[in-house]
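Open the model in your viewer and keep the selection panel at hand. Each stop below gives something to select and says what is there.

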Amino acid sequence: MLITNPPTAVPPTLSLRPAAEAYDFEYFRDRLAEPELLAAAVAVCIFRAPLLAVPVGGSRRGGYLSFDLLATAMAARSLLKDQPGFPRLRVRWSPYPDTCHTVEWGDSAPDWWTDDAVAGRFYGYREEAISAFVQRHPQTPSSAASEPYSPTASKPAEEGPTSHPHREDEQHVRAHPAVSHG
């Protein structure tokens with residue numbers, strides 16, 4: 001009987017590039033409350049796609065990048081670990097195949113059901129950018145933070161369960177004022 005080892009996924013090569021090379025550089029420049037943070041930002045290049053990683057500072061309390069492969073997220077964390085402005089680097093692994101793994105830095109992000117304006121301020125966006133996003137993407141009643149618990153989680157016993165399953169990782173796919181919060 002022939003026994004072989006299954007092939008392992010080899011993560012693509014990642015590299016750091018100057019921030020201005022990132023596809024989303026102008027997007028962040030136009031929306032950050034403190035665009036001077038871009039002086040310490042870097043582009044994390046996967047294949048030939050450089051994505052911006054913006055450090056924390058001023059009103060920006062955290063950031064993240066999303067990756068489909070866990071090995072790629074781990075490699076990105078390794079690249080960012082020696083860069084100033086990326087404290088408390090961590091990989092948030094997603095157990096769900098349809099949800100990305102993330103590399104996060106800074107403070108822990110607000111809960112995914114938090115008001116979009118609160119999340120936008122956490123990521124250091126200008127008030128005008130937050131207002132424009134909220135006007136284009138109004139929150140539905142089920143996503144508004146009107147309760148002290150997740151609107152999709154089970155309600156307290158006296159109210160009965162909701163019809164929506166709760167998934168801890170939904171903060172990874174919830175839309176905020178940017179594609180990622182580099």
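This is a predicted model: local features need pLDDT of at least 70, side-chain atom pairs count only at pLDDT 80 or more; totals for chains, interfaces and linings use all residues.

**Stop 1: aspartate 107**

Select aspartate 107, in the loop between strand E6 (101-106) and helix H3 (116-122). Which residues does this side chain pair with?

Aspartate 107 is partly exposed, at 30% relative accessible area. Arginine 61 is partly exposed as well, at 43%. Arginine 88, at 52%, is exposed, because the cut-off for that class is over 50%.

**Stop 2: arginine 126 and glutamate 128**

Select this pair next. A salt bridge joins arginine 126 to glutamate 128, and the closest N and O atoms are 3.2 Å apart. Arginine 126 is partly exposed at 30%, whereas glutamate 128 is exposed at 52%. For comparison, go back to the first stop: shared partners join Arg61, Arg88 and Asp107 into one network of salt bridges. In total, the structure holds eight salt bridges.

**Stop 3: the rings around phenylalanine 28**

Begin with phenylalanine 28 and tyrosine 125, which are stacked, with 6.3 Å between centres and 25 degrees between planes. Phenylalanine 28 lies in helix H1, and tyrosine 125 lies in the loop between H3 and helix H4 (127-136), 97 residues apart. Both phenylalanine 28 and tyrosine 125 are buried.

Ring pairs link Tyr27, Phe28 and Tyr125 into a cluster. Then look over the ring of tyrosine 27: the charged end of arginine 31 sits there, 3.6 Å from the ring centre.

**Stop 4**

Nonpolar side chains tend to be buried together in soluble globular proteins. Select Phe25, Phe28, Leu38, Leu52 and Val54: in the largest nonpolar core, of 17 residues, these touch the most other members. Helix H1 (25-31) and H3 each supply at least two residues of this core. Apart from it lies another core, of 14 residues, including Ala53, Ala73, Phe86 and Trp105.

**Stop 5: tryptophan 105**

Zoom in on phenylalanine 86 and tryptophan 105. How are these two rings arranged? Their centres are 5.0 Å apart and their planes are at 70 degrees, so the pair is edge-to-face. Phenylalanine 86 is in the loop between H2 and E5, tryptophan 105 in strand E6, 19 residues apart. Phenylalanine 86 is buried at 4%, and tryptophan 105 is buried at 0%.

Lysine 81 is also in the loop between H2 and E5. Lysine 81 is exposed, at 55%. From C-alpha to C-alpha, lysine 81 is 9.8 Å from tryptophan 105, and 24 residues separate them in sequence.

**Stop 6: histidine 101**

Finish in strand E6, at histidine 101. Is this residue buried or exposed? Histidine 101 is buried, at 8% relative accessibility. A polar atom of its side chain lies 3.0 Å from the backbone nitrogen of serine 94. Beyond its neighbours within four places in sequence, histidine 101 contacts residues including Leu65, Phe67, Leu70, Ala73, Arg92 and Trp93.

Terms used
Residues are numbered from 1 along each chain as its sequence is written. Side-chain values use heavy atoms; hydrogens and water are left out. A salt bridge is a side-chain nitrogen of Lys or Arg within 4 Å of a carboxyl oxygen of Asp or Glu. Helices (H or I, at least four residues) and strands (E, at least two) are DSSP runs, numbered from the N terminus. Buried means under 20% relative accessible area, exposed over 50%, partly exposed in between (1.4 Å probe, protein chains only). A polar contact is a pair of N or O atoms within 3.5 Å; within protein, one must be able to donate a hydrogen and the other to accept it, and residues adjacent in sequence count only if both atoms are side-chain atoms. Contact means heavy atoms within 4.5 Å. A nonpolar core is a set of buried Ala, Val, Leu, Ile, Met, Phe, Trp, Tyr and Cys residues joined through side-chain atoms within 4.5 Å. Rings of Phe, Tyr and Trp (its six-membered ring) pair if their centres lie within 6.5 Å; planes under 30 degrees apart count as stacked, over 60 as edge-to-face and the rest as tilted. A charge sits over a ring if NZ of Lys or CZ of Arg is within 6 Å of the ring centre and within 35 degrees of the ring normal.
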